[in-house]
Amino acid sequence: MLPRLSAFAADGDLAGVSRSVASTLRTTYALIIPFALLLPLIALDLSNLMIGYGAARPNVPDFAVALALFAPGLVFFTAHYVMLRGFYSLERTRTVFWVQCLIAATNIGLAVLLTRHASPRETAPGLVLAYAGSYLVGAIGSYSVLRRLLGGLGTPVLLRFLVRLLVAAGLAAAV
């Protein structure tokens, strides 16, 4: 993706950068969102497979909760990661720095807020929620800034795609 974006950016073709970022985001979401919907359903079995032996066996249910909560964070991180490629192609590394500072500050603030009075059992889920919240802020922020820089990212097309994807993947996960 990055070489193609860089070629568009070097040619001054912001519409090409926009189309490529939007297309990559839709393609990536076609893979990530079904997995994110499936992860909470398989978290206990996956946790049992990963740590369900020896001294860690009693911790499987707690680990499964934290693992299941990673699903939305994965979706938000993916959007942010794709947006970063757009910034890099435009050589907007300062913008990336400030967006990353916002993500870090949000993560720290949410982590403190969500774990200040948490029991040891609630700490990992609280930290996972802080991670997800910080990347929600990062995804929205980076998408908004990149959309403004490029003159659009095909938001109506993306929203229609997301609705269709969520219906199809939601039905598949329900089954």
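**The core and its helices**

Visitor: How many residues has the largest nonpolar core?
Guide: The largest nonpolar core has 31 residues. Val-21, Leu-25, Tyr-29, Met-83, Leu-146 and Leu-153 have the most contacts inside it. Such a core is a set of buried Ala, Val, Leu, Ile, Met, Phe, Trp, Tyr and Cys residues joined through side-chain atoms within 4.5 Å. Buried means under 20% relative accessible area (1.4 Å probe, protein chains only).

Visitor: Which helices supply at least two residues each?
Guide: α1 (2–10), α2 (14–51), α3 (60–89), α5 (120–150) and α6 (155–174). α3 gives the most, ten residues. Helices here are DSSP runs (H or I, at least four residues), numbered from the N terminus.

Visitor: Is this model predicted or experimental?
Guide: This is a predicted model: local features need pLDDT of at least 70, side-chain atom pairs count only at pLDDT 80 or more, and totals for chains, interfaces and linings use all residues. Residues are numbered from 1 along each chain as its sequence is written, and side-chain values use heavy atoms, with hydrogens and water left out.

Visitor: What does Leu-153 contact, leaving aside neighbours within four places in sequence?
Guide: Ser-18, Val-21, Ala-22, Met-83, Tyr-143, Leu-146 and Arg-147. Contact means heavy atoms within 4.5 Å.

Visitor: New topic. At what angle do α2 and α5 pack?
Guide: About 150°, with axes 9 Å apart. Leu-14, Val-17, Ser-18, Val-21 and Leu-25 of α2 meet Tyr-143, Leu-146, Leu-149 and Leu-150 of α5.

Visitor: And what follows α5?
Guide: Just after α5, Gly-151 takes a positive phi of about 80°.

Conventions. Buried < 20%, exposed > 50% of the residue type's maximum accessible area, 1.4 Å probe, protein only. Axes fitted to C-alpha atoms, helices over the stretch in contact; angles between N-to-C directions.
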